[in-house]
Amino acid sequence: MKKYIHDMLVVGNQQINHNYFLLELKAPEKLPEILPGQFVQMEVKGNKNVFLRRPISVHDVNYKENTIKFLIQKLGEGTNTLSHAQCGETVNIVYPLGNSFSIPTEDNILLVGGGCGVAPLLYLARFLKAKGFKVSTLIGGRSKEDILEVHEYKKHSTVYITTQDGSLGEKGLVTNHSILKPEKCEFSMIYTCGPEPMMRVLSKFAFNHGKKCEVSLENMMACGIGACLCCVVETRHGNKCTCTEGPIFNPKELAGWIY
Amino acid sequence: MIDLGVKIKDLCLKNPVMTASGTFGYGEEFTDFMDISTLGGIFVKGTTGSHREGNAYPRMAETPAGMLNAVGLQNKGVDYFISDIYPRIKDYDTHMIVNVSGSTVDEYIEVASKLNDLDKIPAIELNISCPNVKEGGMAFGTSCHSASAVTKAIRQVYKKTLIVKLSPNVTNIAEMAVAVEAAGADSVSLINTLLGMAINAERKTPVLSTYTGGLSGPAVKPIALRMVWQVSKAVKIPVIGLGGIMTATDAIEFLLAGATAVQVGTANFIDPAVCTKIIAGIEDYLRRHRHSSVSEIIGGLK
């Protein structure tokens, strides 16, 4: 897929709460095709302490308006600076980057997002529903403040929620939700993004119960286009760049995840 | 018409802007963003005798005005380069120069001899300055004796343009340059990265899996500029300057300090089309200063 470098216009920047914001950018021309699971490298202007671009996953795409939405957690100086972007300003991005979630071969799909890991799953849910798949989304977080955009996920999927403090949905870890009880779990495929320990547990669960699984990794990277070789993950076939051969991987390929 | 051409021994570059090894892949990664045939040259990823996996993740840390890397020469080895990569890149209309690395002198010799037979590779860059490998690499480039020995050995087997990439992690870089010039180098490129470190205070851990890594980016530019200035006064062979070049003005400073050409490295990660802007900016500078060729400003520091 051809990659582009564009100055995007900020057309929306909504602070969801003190931890998260929703940035909406409009392309200067017709948006290229963007696949679910892909990401962009976003330039951060106006902060001397931020040198590199920030890899940010695509939350949703609107081809009619030529806009892309990003659900971003304020984790450090880069994302904090981006959270102050004003409508009318421009943000430079390199995109679309990385591979994508595969199209499932069987119906009844479960998406599992932990915290801001839900970000790439909205566009995936929209994409899968449009293709006629039955989609469920399980969203987990520490507390109700970490459960984001539920109304959006409900447009495309049946939504289940867990919080560690029990402030919303079932209490406990996302991996312990009742829909994941082996005897009740009828999903054929699990797509997940979020903290690595969560994705490892889900990968083992999927493997042990004969379900397919794909995980989205968030390794630190410099270039995002396969040049710097900084973002590698150890696979059963050697180190691979998360930016070009990922960010979506079958956990069976990742060294130590299943095998 | 402004003449941007420069010469590194027999190698005629269409302009002095090249890309640094390990920051531009094999050029292919950048074709969506710029016309890579506009470059003076491309230094491809460090190539060793056999396949290397490099160091464990994490290999990168962002630092003020720069970054540390500890990739550790991940590459598929010289035979794979020749069979699979060379056929794809050999017809690019720019000079494809291979960065050569090894753990032993014999490994350097093996790689250089094999590359000597490739028609479309007009030069190699001998990497005796990689800070991220346990054996070889920088160990060769931090003593005049070993730098001279490995350069001499390669000069025996490599007949085309031989560039030696110098380490800044030395007390006197000019002495190193003089030593490799005497050993037969046609050019020196400098600087490789500076050995550095990053620590995560909250976790009380090193950020890089290797503890230390190589610092690059604008943070190192003043050091690189000083070293290029010192080396270009000490040797007769052409000097290729690199270290933190982000803009045309940065590149021009290196030329004024005595570099015949420059390499752009880390900047490619931030703007994959930056070299196009740097080439245009140099031409614009020459026009504003009423120079008819870039050679008029090389070493032109008042």
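Modeller: Domain bounds come from an automatic or database domain assignment. On that basis chain A is divided into domain 1 (4-97) and domain 2 (109-216). Keep in mind that this is a predicted model.

Colleague: How far apart are the C-alpha centres of domain 1 of chain A and domain 2 of chain A?

Modeller: They lie 24 Å apart. The contact takes 13 residues from domain 1 of chain A and 12 residues from domain 2 of chain A. On the domain 1 side, β5 (60-62) and β6 (67-73) of chain A each give two or more residues. That side divides into 6 nonpolar, 6 polar and 1 charged residues.

Colleague: What makes A:L35 partly exposed?

Modeller: Count its neighbours. A:L35 has 19 other C-beta atoms within 10 Å. Buried needs 20 or more, and exposed means 12 or fewer. The count of 19 falls in between, so A:L35 is partly exposed. A:L35 lies in the loop between β2 (20-26) and β3 (39-42) of chain A. Leaving aside neighbours within four places in sequence, A:L35 is in contact with A:P96 and A:S100.

Colleague: Why is B:I240 called buried?

Modeller: The cut-off is 20 or more other C-beta atoms within 10 Å. B:I240 has 29 C-beta neighbours inside 10 Å, so B:I240 counts as buried. B:I240 is found in strand β15 (residues 239-242) of chain B.

Colleague: Which residues does B:I240 touch, not counting residues up to four places away in sequence?

Modeller: Among them are B:I8, B:I163, B:S187 and B:V262. Take B:I8. B:I240 and B:I8 are 232 residues apart along the chain, yet their C-alpha atoms are separated by 8.6 Å.

Colleague: Which residues touch the most other members of the largest nonpolar core?

Modeller: B:I124, B:V188, B:V228 and B:V262 do, in a core of 176 residues. Helix α2 (residues 119-130) of chain A gives the most to this core, with 7 residues. The core also draws at least three residues from each of domain 1 and domain 2 of chain A. Here is the general background: in soluble globular proteins, nonpolar side chains tend to be buried together.

Colleague: What is B:V188 in contact with, leaving aside its neighbours within four places in sequence?

Modeller: Its contacts include B:I163, B:L166, B:A177, B:V180 and B:V239. Two of those names, B:A177 and B:V180, are also among the buried residues of helix α5 (residues 173-182) of chain B. The buried residues of α5(B) pack against elements including α4 (144-157), β10 (187-190) and α6 (221-234) of chain B. After α5(B) comes B:G184, whose phi is positive, near 115 degrees.

Colleague: How do you know that α7(B) and α9(B) meet?

Modeller: Look at the residues. B:A248, B:A251 and B:I252 in α7(B) meet B:K277, B:I278, B:G281, B:I282 and B:Y285 in α9(B). By class, that contact has 6 nonpolar, 1 polar and 1 charged residues. The axes come within 8 Å and cross at roughly 65 degrees. The crossing of α7(B) past α9(B) is right-handed.

Colleague: How many residues of chain B are in contact with chain A?

Modeller: 26 residues of chain B are in contact with 22 residues of chain A. On the chain B side, β5 (60-63), β6 (66-69) and α8 (267-270) each give two or more residues. That side divides into 13 nonpolar, 8 polar and 5 charged residues.

Methods. Residues numbered from 1 in each chain as written. Chains lettered and ligands numbered in written order. Predicted model: local features only at pLDDT ≥ 70, side-chain atom pairs only at ≥ 80, totals over all residues. Axes fitted to C-alpha atoms, helices over the stretch in contact; angles between N-to-C directions. Helix = DSSP H or I, 4+ residues; strand = E, 2+ residues; numbered from the N terminus. Left-handed = near helix turned anticlockwise from the far one by under 90°. Contact = placed C-beta atoms within 7 Å. Nonpolar A, V, L, I, M, F, W, Y, C, P; charged D, E, K, R; others polar. Core = buried A, V, L, I, M, F, W, Y, C linked by C-beta atoms within 7 Å.
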